[in-house]
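Biologist: I'd like a close look at one part of this model. Could you walk me through it slowly?

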Amino acid sequence: SFPTRRSSDLILFRQIAPFMGGLLGALTIYILVRKQMMYLSDKRKMKRSIAATLITAEAILCFLVPLSLVAWLLIHKLQTVNVDTQAFIHTITQLTDWVRTQTSYDLFDQKNISSVASILPSIGQFLMGGISSFTVNIGVLIIVLYFMLIGGKRMEQYIYEILPFNEENKKEVLTEIHLLVRSNAIGIPLLAVIQGMIASL
């Protein structure tokens, strides 16, 4: 029945939500490299499995390795940040004194210190969870991208058939999706590089 199917769809979506980043990343990279796959498999008559392996390796080298290096560099920078402990404590003390004089509220109350101490483990768990989720999504992205490349034509035909539009609108919608994905996938990293160069200068 419809309610049962709807509840099963909600359960499926809830279970797949942690891997949504990998799925969307695989779809984005697929749209960027689909023409290469068509060229190798249709014009060069290469086996789809070999062509998919080559393009997946290209995606790993051109997209995933730089992304992983950026994440590793960010973590390394955070680990090597030197904080002036005395200046930090002095700033916190001044802030506490100002709040106490303005509101008669003591930030260094025992309850506040206990609350902060109880939050610290959850922050550590969140960071570790983010790192593990990033690693899992990278693996999901690679696997899904490979099978998208293998069955790309059938996947595109299926999506084309289930779109609730006429033929002209279907083509227009798919063209707009390709343009949006390509512009975001290329424009956002390019903008980040330009901003980084300006900031360095």
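Leaving aside its neighbours within four places in sequence, which residues is asparagine 137 in contact with?

Modeller: First, a word on the ground rules. This is a predicted model, so local features need pLDDT of at least 70, side-chain atom pairs count only at pLDDT 80 or more, and totals for chains, interfaces and linings use all residues. Residues are numbered from 1 along each chain as its sequence is written, and side-chain values use heavy atoms, with hydrogens and water left out.

Now to your residue. Leaving aside neighbours within four places in sequence, asparagine 137 is in contact (heavy atoms within 4.5 Å) with Pro18, Phe19, Met20, Gly21 and Gly22. Asparagine 137 itself sits in helix α5, residues 110–150; a helix here is a DSSP run of H or I, at least four residues, numbered from the N terminus. With a relative accessible area of 13%, asparagine 137 is buried, meaning under 20% relative accessible area with a 1.4 Å probe, protein chains only. Look at glycine 22 too: its backbone nitrogen lies 2.8 Å from a polar atom of the asparagine 137 side chain.

Terms used
Helices (H or I, at least four residues) and strands (E, at least two) are DSSP runs, numbered from the N terminus. Buried means under 20% relative accessible area, exposed over 50%, partly exposed in between (1.4 Å probe, protein chains only). A polar contact is a pair of N or O atoms within 3.5 Å; within protein, one must be able to donate a hydrogen and the other to accept it, and residues adjacent in sequence count only if both atoms are side-chain atoms.
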